[in-house]
Amino acid sequence: MSQWVLNFKGLCIFVLTFLLRILPIKSNKIIFFSYYGSQYGGNPKYLSEYILKNVSKDSFEIVWSFVHPNEKRAFSDYRLVRWLSLRFFYELSTSKVIVTDYRTLPIIRKRKNQYYIQTWHSSLRLKQIEKDAIDHLTTHYVKMAKKDSSKCDLLLSGCQESTTIFRRSFWYQGPIFEKGTPRNDVFFQKDIKKSEWIKAKLQIPKSHRVVTYAPTFRTNGGLDLYRLDFNAIRKKLEAEYGGDWTFLVRLHPHLLSQSQAFFMGQKVLDVTHYDDPQDILYVTDLLITDYSSLMFDFALTKRPCFLYLPDLETYMRNERELYFSIDELPFLKAFSQEELMEQIGQFKRVAYLKRINQFLEKVGSYETGHASEALVLHIQNICFGERATRSSS
């Protein structure tokens, strides 16, 4: 597509959004989108589902935007619109509340009486973000991030450490909602039916325990660093802990097109294309990751997490700096597959739980399982003011 066409399209969207600003805002309408319309997950998913389950159906109009809404037709409780379509801009312009988990594009303009909630996409980060990592960010992204922060009315934080990071790095001085993150509420619920439903969806036998490998992305490309002998690890777990185990492999979304290059083998499933990592963590009994912020979400389950770090020195030299030294983290570390197998065999649950609890206390975790409830009450206040007398059950 030529630059002229792109410029003309941008001009049309600008004129359209300007004209739509004359329409009235619906006080009970909320529009959600996650990762630029590409997925149904993260904090927006869990907040919208909480509203459906716990607030009377006539209280809110819920709109979700997807790049491919036809693939989401099962979500009959939501009104679905195509990402960046004419209908999308109509719904966006007439919604009282806007909820997303990534930076908004410059063409997404907020009206004066709208309320924009930036939920972000992690409760705590290991790799530095935003202003702290400005040397690693493009000029375009920095400009977009600053513009997004100027639109934002509320930012969610999962812990005191995150609040400190946001205050320093997010180009944002507004209110921070220190009640935890909706996507982590699920880890405070023990729901056997939910676990069975997720396993059935992933085609995991109900009786199987689950080990998940979820590494983060490296900018230098290549898949060799992500390769493990999945079956050997699975058999080690079966020998140490008994029962049957299924191995899940979830690569970073940037590697969606390459995950099939892995030979998974027996009882090893590629779940890179699965929308919601929280579902995967919910049924995971043991997690193997590296520098991914998923480790902090998983810590709330108190289940074993191992960090597989064969490239630590190179990663520290080539990627973003970290907020914590590796030694500060409470998880077990391994720098080769042989060491990983040894750590699995030597795991001590009591000592591990002590380290996890001390770490959550150190970072000042706000996660209690009630983030969605608290945020919905806040939204009701925004939408209805003094009429917000209904409380979530």
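This is a predicted model: local features need pLDDT of at least 70, side-chain atom pairs count only at pLDDT 80 or more; totals for chains, interfaces and linings use all residues.
## Strand pairing in the sheet

In β3, R82 is the bridge partner of F66. Strand β2, residues 61-66, runs parallel to β3 and pairs with β3 over four bridges.

Both strands belong to an open sheet of seven strands, ordered β3-β2-β1-β4-β5-β6-β7 and paired in the parallel sense. The edges are taken by β3 (79-82) and β7, each of which has a single partner strand, so one side of each lacks a neighbour in the sheet.

## Aromatic cluster and charges over rings

F66 also belongs to an aromatic cluster, together with F32, Y40, W64, F75 and Y78. K72 lies over the face of the F66 ring, 5.3 Å from the ring centre.

## Aromatic pairs

A pair of aromatic rings is described by the distance of the centres and the angle of the planes. The structure holds 29 aromatic pairs. One of them joins Y36 and Y102, with 6.0 Å from centre to centre and 50° between the planes, and is tilted. This pair links distant parts of the chain, 66 residues apart: Y36 sits in the loop between β1 (26-33) and α2 (42-54), and Y102 in the loop between β4 (95-100) and β5 (115-118). Y36 is partly exposed, its relative accessible area being 23%; the cut-off for buried is under 20%.

W120 and F170 form another pair. Their ring centres are 4.9 Å apart and their planes stand at 90°, so the pair is edge-to-face. W120 counts as buried at 3% relative accessibility, and F170 counts as buried at 1%.

## Buried face of helix α11

Helix α11 covers residues 337-345, and its buried residues are Q337, L340, Q343 and I344. Viewed down the axis of α11, the buried residues fall within an arc of 115°, so they line one face of the helix. An α-helix has 3.6 residues a turn, so residues three or four places apart point the same way.

The elements against which the buried residues of α11 pack are α7 (230-241), β11 (286-289), β12 (305-308) and β13 (332-334).

K179 is located in the loop between β7 and α6 (192-202). With a relative accessible area of 44%, K179 is partly exposed.

Setting aside residues up to four places away in sequence, K179 touches S157, Y366, A371 and A374. K179 and Y366 are 187 residues apart in sequence, while their C-alpha atoms are 5.4 Å apart in space.

## Confidence of the model

Across the chain the average pLDDT is 89, and 90% of the residues score at least 70. Over residues 388-393 the pLDDT stays under 50; for this stretch the model has 17 contacts beyond four places in sequence.

Terms used: Residues are numbered from 1 along each chain as its sequence is written. Side-chain values use heavy atoms; hydrogens and water are left out. Rings of Phe, Tyr and Trp (its six-membered ring) pair if their centres lie within 6.5 Å; planes under 30 degrees apart count as stacked, over 60 as edge-to-face and the rest as tilted. Helices (H or I, at least four residues) and strands (E, at least two) are DSSP runs, numbered from the N terminus. Buried means under 20% relative accessible area, exposed over 50%, partly exposed in between (1.4 Å probe, protein chains only). A charge sits over a ring if NZ of Lys or CZ of Arg is within 6 Å of the ring centre and within 35 degrees of the ring normal. pLDDT is the predictor's confidence in each residue, from 0 to 100. Contact means heavy atoms within 4.5 Å. Two strands pair if DSSP finds at least two bridges between them. The arc is that of the directions from the helix axis to the C-beta atoms.
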